[in-house]
Amino acid sequence: MSDKRRAEIEAKRAKLAEIRKARAERERQRPEVRDHEVVGPSPRRDVSDLVDSLLGGSRRGGPDSFGDLTPSPSIPGTPAFGHPASISGVSALGMPPRTSSRQSDLTSDRGTNAGQMSSGTDHVVEREIYPRSMVGLIDVEEELFELPQKERVIYNKEVQTTAMETEMNMQDIEEEIRQRIMREKEAEAERVAQDRELEEESVKLDQEIEEEIRELTEEERTSIFQAPEFLDFVEQSSKIVQRALNDNYDYIRDYTIGAESGVDDSEGKRLKKICEFYDERTVKNRSVTDVDWSPKYPELSVGAYNKNSAALNEPDGIVAVWNLHLLERPEFIFHSQSDVLSVTFSPFHSNLIFGGTYSGQILLWDTRAKHLPVLKTPLSAAGHTHPVYAMHMVGTQNAHNLITSSTDGTVCSWLVDMLAQPQETLELVHAGHNKTGEVAITTLDFPDNETTTFWVGTEEGNVYQANRYDRAGAKAGLNQYDVYRGHAGPVTGLHFHPLVGPVDFSDLFLTSSVDWTVKLWRAKSLAKPSTSSHSVPPVYSFEEADDYVYDVKWHPSHPAIWASVDGSAKFDVWNLNVDTEVPVVSTTVGSGVKAINKLQWDRKEGRRAALGGSDGKLYIYDIGDMAIPRESEWTDLQKTIAGMTGGGAGSHVPGYVNGSGESDLLRLSGSR
């Protein structure tokens with residue numbers, strides 16, 4: 001169902017709700033009107049009451065009014081207390097008038113004896129109505145005839161004026177009542193018409209809604225489920241729900257429990273597995289070939305995978321972006337036509353991911369796009385034609401390049417937005433090689449303060465220094481004279497010390513190899529290049545591994561900590577300021593894992609390490625407070641390195657005596 005169609009249905013439903021609400025309001029008010037009509041006085045009664053009130057008010061309002069003829073509640077047929085009867089007023093209401101003599105008697109009686117009005121009037125009226133009491137009226141009549149006729153004329157005129165005004169008021173009242181009745185009839189007719197219109201509109205809207213929400217056919221449902229908009233909506237919505245469900249925060253945690261317990265000194269040295277990323281549908285029967293962390297989002301990590309030999313229809317290479325808040329499936333999945341051997345996030349564009357493949361192609365994926373790469377290098381001699389095991393981004397935000405290397409000894413420099421051909425191509429060849437002059441590069445790294453000079457590890461076990469450009473005293477290409485010899489097998493990992501802290505250790509680098517060792521080296525000064533063949537021995541050799549050591553990395557913030565992973569699925573964390581013989585903490589990753597291929601610290605604090613397993617799982621470990629260095633760590637490491645170099649290479653590096661002893665190393669590796 002499209003958004004427009006859904007909006008129309010919602011609008012109709014809202015309108016129908018308003019109609020029903022208005023109808024209910026009408027029904028609620030209608031009983032009140034009917035009750036008022038039944039209980040309240042009729043229009044005719046309203047007129048009578050209004051007329052009586054007006055006449056009564058005129059009789060009571062002025063000094064010449066004589067009251068009304070309302071009977072007394074105590075004596076039937078008598079006027080109200082203190083109000084003598086008004087003859088003309090009664091005649092106006094259609095009542096029989098009294099005799100003029102009686103009027104004169106009453107007026108004289110009130111004028112002469114005002115103090116006794118109440119009792120006198122009562123006696124007079126009683127004697128008039130009831131013949132038995134007529135004796136007292138004879139004396140009163142004689143006094144009333146003495147009143148002047150002028151007062152009677154004024155009285156009659158007053159009565160006539162009042163009657164005319166009353167008659168005019170009655171006509172106005174009748175007209176007003178008639179208009180009010182007409183307005184009520186018109187309002188009622190309008191309400192009936194509105195109710196009829198609302199009822200028709202309600203029925204019509206009900207029919208339209210029923211037609212809109214009818215049951216969909218199988219074809220319509222299939223077309224909706226397969227629509228790209230629907231699939232994108234389900235994908236994004238389900239990710240949000242799963243992120244919320246994966247929030248492992250304990251909302252009812254009691255922070256008072258265990259607050260008084262002693263502090264465990266070993267707690268900060270323990271490795272804690274946070275999670276493991278694995279998706280049966282996408283990475284089954286694949287191995288992790290490389291890992292990296294997002295430079296902007298610390299919860300995002302990326303893993304590169306080789307092909308699934310059991311599924312020929314699936315892509316050969318997979319790149320999966322994992323989220324610490326979404327454990328069940330990857331945040332993004334990208335495809336490749338060849339095994340992806342190396343992967344890295346762009347440190348300058350958080351949406352871009354680069355990958356090096358077994359076929360030699362360099363691929364660029366964008367998290368804002370779909371599964372396929374947005375850019376890729378051509379399969380031609382202009383770029384790589386052999387597996388790309390190493391890549392590194394150098395430069396700044398406004399000027400940076402992607403440096404890649406392959407096993408054919410080719411090093412290429414690429415612009416991020418132009419992968420059609422490399423900006424630079426460098427062939428690393430060695431004249432001393434017998435069969436071929438090329439150097440098979442397996443790993444590559446730049447010191448933090450360098451963008452031109454880099455070091456490469458090779459399949460033959462040696463480490464070489466090379467230059468991208470000609471510089472003072474050195475030419476572009478491989479430095480054939482300074483050979484870092486020490487490993488008896490291919491070099492699997494190479495990493496320079498990060499440039500952090502008050503002391504510069506950026507000339508130190510670590511290498512790992514399949515000869516079961518990790519070696520510490522000091523890069524030779526570039527200011528004094530050798531002019532003849534010269535072997536550079538390692539500063540120290542760490543030989544605690546029981547299998548191939550597949551990767552090694554310095555910690556990003558602690559100067560003395562580094563870690564390694566090997567073919568026995570061991571994850572070793574070393575602290576040179578604590579011990580140089582054994583790791584400070586070691587653990588076997590997972591259960592039934594054959595090997596851990598790659599290692600990468602997170603780029604922010606270095607508390608977490610991402611480990612790529614041969615079983616296709618990406619493990620995340622936390623090293624706790626070990627990642628927090630003390631202020632004295634840099635000076636302590638200076639003393640440690642001085643002790644390593646001052647004690648002689650032979651005392652720390654088995655098989656090395658005065659910088660030689662290559663045969664002993666070969667014998668040692670052969671015995672294993």
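By the rule I am using here, in which a salt bridge is a side-chain nitrogen of Lys or Arg within 4 Å of a carboxyl oxygen of Asp or Glu, the count comes to 17 salt bridges. Please keep in mind that this is a predicted model, in which local features need pLDDT of at least 70 and side-chain atom pairs count only at pLDDT 80 or more, while totals for chains, interfaces and linings use all residues. Residues are numbered from 1 along each chain as its sequence is written, and side-chain values use heavy atoms, with hydrogens and water left out.

Let me begin with Glu276, which forms a salt bridge with Lys617, the closest N and O atoms being 3.2 Å apart. Glu276 lies in strand S1 (residues 272-277) and Lys617 in the loop between S28 and strand S29 (618-622), so this pair ties together parts that are 341 residues apart in sequence; strands here are DSSP runs (E, at least two residues), as are helices (H or I, at least four), numbered from the N terminus. Glu276 is partly exposed at a relative accessible area of 30%, where buried means under 20%, exposed over 50% and partly exposed in between, with a 1.4 Å probe and protein chains only.

A second pair is Glu633 and Arg630, whose closest N and O atoms are 3.3 Å apart in a salt bridge. Glu633 is buried, with a relative accessible area of 3%, whereas Arg630 counts as exposed at 51%.

What about a charged residue without such a partner? Asp602, placed in the loop between S27 and strand S28 (608-613), is buried yet has no salt bridge, and the nearest side chain of opposite charge, Arg608, is 5.5 Å away; for charge, Lys and Arg count as positive and Asp and Glu as negative, with His and the chain ends not counted. A polar atom of the Asp602 side chain does lie 2.7 Å from the backbone nitrogen of Arg608, and the backbone nitrogen of Lys604 lies 3.2 Å from a polar atom of that Asp602 side chain.

Finally, the largest pocket is lined by 44 residues, of which His392, Asp445, His495, Gln600 and Arg603 lie nearest its centre. On a 1 Å grid over the protein atoms alone, a pocket is an open set of points with protein on both sides within 12 Å along at least five of seven lines, and lining residues have an atom within 4 Å of a point. Strand S10 (388-395) is among the elements that give two or more residues to this lining, and the largest share, seven residues, comes from S10.

Notes
1 Å grid on protein atoms, 1.4 Å probe; cavity = no way out; pocket = protein on both sides within 12 Å on 5 of 7 lines; lining within 4 Å. Polar contact = N/O pair within 3.5 Å; in protein donor to acceptor, adjacent residues only side chain to side chain.
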